[in-house]
Amino acid sequence: LKERTSGQYQVAISNALQDSRRIINLIDGLLNLAKADYQSEQITMEEVRLDELLLDARELVLKAHPDYHIELVFEQEAEEDNVLTVIGNSYLLTTAFVNLVENNCKYSSNRTSSVLIAYWEQWAIIRLSDNGVGMSDADKENLFKLFYRGENKNIAPGNGIGMVLTQKIIHLHKGELTVASHKDEGTTFVVKLPHI
């Protein structure tokens, strides 16, 4: 056996840890994808406050990425709690918001996601924006395909599960997810969920 320096061992251990984290993220993503494939009647649904879920999502993202910045802004004051309350599964919805916020942050040089919370008629509306690299038309078309990694795949790690999972979760909650993006001009995700 060839002797190695302690530095070489440290690099090997670091690479192995990085690989295991990637595998764990992939497995977590696939498990969540399986959960999101259930019918809504098979998942525990209750009244949940979107502002509280977004605060939870922000906390989870910042714990994993202390260099990220997440700005939560209320477009208008909620006169009643119901306009920010949906019937949903808090775990799955928080997972969706974490994916969208992380997506904003990892593809922008200032590592920032601006989250605007609003409501209109029967919808609670959440806009998550960045000033990052943006997406090509081809990437936008394929964004919700499983394991698809776009032209920006070298900028940040990923496994091509997050956006598919997020879309499934929003649809499971009878909501809509759209994306507006232009190359070098940033990306905005818009989530519309029916409030109670």
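Of the 38 residues in the largest nonpolar core, which touch the most other members? The legends below take up this question and then turn to further views.

**Figure 1. Overview of the predicted model.** This is a predicted model in which local features need pLDDT of at least 70 and side-chain atom pairs count only at pLDDT 80 or more, while totals for chains, interfaces and linings use all residues. Residues are numbered from 1 along each chain as its sequence is written, and side-chain values use heavy atoms, with hydrogens and water left out. The protein comprises five helices and seven strands, where helices (H or I, at least four residues) and strands (E, at least two) are DSSP runs numbered from the N terminus. Along the sequence these elements follow the pattern α-β-α-β-β-α-β-β-α-α-β-β. Of the 196 residues, 39% are buried; buried denotes under 20% relative accessible area, exposed over 50%, and partly exposed in between (1.4 Å probe, protein chains only). Among contacts with a separation of 6 or more, 70% join residues 24 or more positions apart, a contact being heavy atoms within 4.5 Å.

**Figure 2. The largest nonpolar core.** Leu93, Phe97 and Val191 touch the most other members of this 38-residue core. Two or more residues each come from helix 2 (50–64), helix 3 (90–106), strand 4 (112–120), strand 5 (123–129), helix 5 and strand 7 (186–194). Helix 3 gives the most, with eight residues. A nonpolar core is here a set of buried Ala, Val, Leu, Ile, Met, Phe, Trp, Tyr and Cys residues joined through side-chain atoms within 4.5 Å. In soluble globular proteins, nonpolar side chains tend to be buried together.

**Figure 3. Surroundings of Val191.** Not counting residues up to four places away in sequence, Val191 touches Phe97, Leu100, Ala124, Ile125, Ile126, Leu128, Ile170, Glu176 and Leu177.

**Figure 4. Packing of helix 2 against helix 3.** The two helices pack at an angle of about 55°, with their axes 9 Å apart; axes are lines fitted to C-alpha atoms over the stretch in contact, and angles run from 0 to 180 degrees between N-to-C directions. Helix 2 and helix 3 are therefore oblique to each other, since angles under 35 degrees count as roughly parallel, over 145 as roughly antiparallel, 65 to 115 as roughly perpendicular and the rest as oblique. On the helix 2 side, Leu50, Leu53, Leu54, Asp56, Ala57, Leu60 and Val61 meet Ser90, Leu93, Thr94, Phe97, Val98, Val101 and Glu102 of helix 3.

Figure 5. In helix 5 (residues 162–172), the buried residues are Met163, Val164, Leu165, Thr166, Ile169, Ile170 and Leu172. Lys168 also lies in helix 5 and is partly exposed, with a relative accessible area of 30%. The C-alpha atoms of Lys168 and Asp37 are separated by 7.3 Å, although these residues are 131 apart along the chain. Lys174, which follows helix 5, has a positive phi near 60°.

**Figure 6. Positive phi in two loops.** Most residues other than glycine have a negative phi, and most peptide bonds are trans. Arg111, which is not a glycine, has a positive phi of about 50°. This residue is placed in the loop between helix 3 and strand 4 and is partly exposed, at 28% relative accessible area. Asp184 has a positive phi near 65° and sits in the loop between strand 6 (176–182) and strand 7. At 64% relative accessibility, Asp184 counts as exposed.
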